[in-house]
Amino acid sequence: MSEPSTPARTAVVLGGSHAGMLAARALSGFADRVVVIERDVLPDGPAPRRGLPQARHAHMLWSGGVRAVEELLPGVTEALRDAGARRSPVTTDMVVMGPRGWFRRWPESHHVILAGRDLLDATIRARVLADERIELLAGAEATGLVGDAGAVTGVRVRTRVGRDGRDGPETGPSDSASGPANDSASGPERIVPAALVVDATGRGSRAAGWLQDLGLPAVERREVDSGLAYASRLYLAPEQARSGYPIVNVQPDPRDGRPGRAGFLLPIEDGRWIVTLNGTRGGEPTAENDDFVRFAREELRHPVIGELLDRAEPLSDVSYTRATVNRRSYYERMAAWPENFAVLGDALAAYNPLYGHGLAVAAQSAVALREAVRRHGWGSAGLSRRVQRAVARPAGAAWDLAVGQDVFYPGSTENGPTLRDRLLAAYVGRLMLTATGSGRIARRLTDVTSLERGPQVLLTPTVLLAATAGPLKRPLTGPPLTPSELERAGLRAGPG
Ligand SMILES: Cc1cc2nc3c(=O)[nH]c(=O)nc-3n(C[C@H](O)[C@H](O)[C@H](O)COP(=O)(O)OP(=O)(O)OC[C@H]3O[C@@H](n4cnc5c(N)ncnc54)[C@H](O)[C@@H]3O)c2cc1C
């Protein structure tokens, strides 16, 4: 069955998660109508759903991403805070053991938004869908593109029908990022015509195959897999620590040739802590509830997270995932590219989540999409090629950061790190050490990790000079939690 033809100003976005909603927002106004096609039936508020299994793990949005989301949806940060999300100043509200020692808590230079992923998505989704030009077609799965190698003209969509014959609402999350969304039977397939189709279907994107079906060649792909496994658990913080508690993060040291093990404790809405423990190939945590605190105490480079959990109350079982491989499709390099089609978000490049960059890149890519359409004009020849090149820039920046570290983990790549990787890592390691005792260098590093600026800020003469001089203050011997923070979490102040 095919729909009556729609105006030439209809855009279709595949996937109604973070990247899809922001892309829809970016196109609204250029397109008279934007249809978001989402496989899940989306909940009204912040609730788990099957197509977003990563929502059970810690998520933070770095300020580079917050700026981009704000550009698209002015006032959304306030809305998030009203809903309980926290704006956490960096590195002021962070207790971080980096590869070269504890960072000091310098005055704010950047920030992160901390919230459960379901709350973040629900808040953004509500704002996007308030735009009457944006329609949601939920419970509908994109199954292929319509058109030819020269131009995409629409998308094939199958409505999912529940066992009882109705649209099948999701019953609970699955652990597969790319597997079937639910056990509902397939409904009829139809064609939704569009003047622009954007694929934002996440890690499980089938765009590469769809393009081949249209007669295009295979896309060049790269994977760097540190074998990272993620175990996360939700806790109710000790009563006195339910508001204003800092982020606590014990990072791995990728250069020591051993598996990397890390932990994050992120304070989120409703006085809860979401705690993620992870380890690369050979150093993975287990999925056992009983082993969670032990791993935090004994396997990380410092036991502080395990100690903090002693007085916190578990609110969930451990959620476990291995959907952490860095995977990039170089669509922007393809010799031929059809008109009217673009890919962004995790569908374009997905990163090791340890670095927390996927959300920010998706937001920056949506801004890049909007700017490309604004600059070159809706429907202009070659627009989708330009969009694809534009969205590759933020994706590439985060890719280099993630892969530059992950190549050091055993088994990540066939040949291990190159000489360039080693030289760069040695320099970044020196900067990490310097940052433990220099606020200025900590700020420069955070410029890059927050995705506010590119890595070139680390190569200015002042930074090079500071790296040569090294840290200006003596190293800290323990986590820089204040006596009040220790007491509020039921811990005693120790030496250091
Ligand atoms: C364990 C873990 C922790 C993470 N932590 C962080 C973090 O701290 N900070 C950060 O910035 N990023 C983090 N990320 C990355 C972040 O989750 C992703 O970058 C982000 O979700 C990407 O958004 P997306 O919209 O591209 O894809 P997704 O959020 O995966 O959404 C894809 C959507 O497409 C839908 N869909 C799929 N196929 C179809 C189809 N055929 N038709 C219609 N709809 C379809 C799905 O149902 C889903 O709604 C983490 C990832 C993981 C796995």
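**Exercise 1.** Determine which helices and strands each supply at least two residues of the shell around the ligand, and describe that shell.

*Solution.* Step 1. Helix H1 (18-27), strand S2 (33-38), strand S9 (140-147) and helix H8 (358-376) each supply at least two shell residues; helices (H or I, at least four residues) and strands (E, at least two) are DSSP runs numbered from the N terminus. The model is predicted: local features need pLDDT of at least 70 and side-chain atom pairs pLDDT 80 or more, while totals for chains, interfaces and linings use all residues. Residues are numbered from 1 along each chain as its sequence is written, and side-chain values use heavy atoms, without hydrogens and water.

Step 1. The shell divides into 13 nonpolar, 14 polar and 7 charged residues, with Gly counted as polar and Asp, Glu, Lys and Arg as charged.

Step 2. A polar side-chain atom of His 59 lies 2.8 Å from a ligand oxygen atom, and one of Arg 206 lies 3.3 Å from a ligand nitrogen atom. The protein buries 95% of the 1000 Å² that the ligand exposes when taken alone (Shrake-Rupley method, 1.4 Å probe).

**Exercise 2.** Explain why strand S17 is largely enclosed, and identify its pairing partners.

*Solution.* Step 1. Because 7 of the 8 residues of S17 (residues 272-279) are buried, the rest of the structure largely encloses this strand; buried means under 20% relative accessible area (1.4 Å probe, protein chains only).

Step 1. S17 pairs in the antiparallel sense with S14 (residues 229-236) over 8 bridges, and with S16 (residues 261-268) over 8 bridges, also antiparallel; pairing requires at least two DSSP bridges.

Step 2. Leu 234 stands opposite Ile 274, and Leu 265 opposite Val 275.

Key:
Buried means under 20% relative accessible area, exposed over 50%, partly exposed in between (1.4 Å probe, protein chains only). A polar contact is a pair of N or O atoms within 3.5 Å; within protein, one must be able to donate a hydrogen and the other to accept it, and residues adjacent in sequence count only if both atoms are side-chain atoms.
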